[in-house]
Amino acid sequence: MPKTTGNRSKPDLHIVAESEVYDLMRGPQSTSDRVRQLQAEARALAIEQVEDLERRLNEAALLAREISAGGDAYPVGARELASRLAEDLPARAETIKAIVSRLP
């Protein structure tokens, strides 16, 4: 989905390493070729979704940090929980990043 920045719309671009050009006008050579192609596509989508989770965890950590520092405007229990999340979520995001970076 394109991102909108001011008056211009920018597409979400991802670098895909070790990909093959796939001719959509002709079918795969064999069923096993098609299975390999579909598995590669599924892995790429899964990695993209895990990277999105990492990004959202970091965003949630920032929001939690703001709430924990928000003072009396926020309920005490919410501030305390937000403080713990602000400490914990970045480490979880880094763990996910490390797991994805180990993939071949």
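## Lysine 97

Lysine 97 counts as partly exposed because its relative accessibility is 44%, where buried means under 20% relative accessible area, exposed over 50% and partly exposed in between (1.4 Å probe, protein chains only). Lysine 97 lies in helix α2; helices are DSSP runs (H or I, at least four residues) numbered from the N terminus. Its C-alpha atom is separated by 7.3 Å from that of glutamate 51, 46 residues apart along the chain.

## Basis of the model

This is a predicted model, in which local features need pLDDT of at least 70 and side-chain atom pairs count only at pLDDT 80 or more, while totals for chains, interfaces and linings use all residues. Residues are numbered from 1 along each chain as its sequence is written, and side-chain values use heavy atoms, leaving out hydrogens and water.

## The helix pair

Helix α1 (residues 31-68) packs with helix α2 (residues 76-101) at an angle of about 155°, the axes being 8 Å apart. Axes are lines fitted to C-alpha atoms over the stretch in contact, and angles run from 0 to 180 degrees between N-to-C directions. The two helices are therefore roughly antiparallel, a term for angles over 145 degrees.

## The nonpolar core

The largest nonpolar core consists of five residues: Leu57, Ala61, Leu89, Ala93 and Ile96. Such a core is a set of buried Ala, Val, Leu, Ile, Met, Phe, Trp, Tyr and Cys residues joined through side-chain atoms within 4.5 Å. Helices α1 and α2 each give two or more residues to this core, and α2 supplies the largest share, three residues.

Not counting residues up to four places away in sequence, isoleucine 96 touches Val50, Leu53, Glu54 and Leu57, contact meaning heavy atoms within 4.5 Å.

Definitions and conventions:
Angles under 35 degrees count as roughly parallel, over 145 as roughly antiparallel, 65 to 115 as roughly perpendicular and the rest as oblique.
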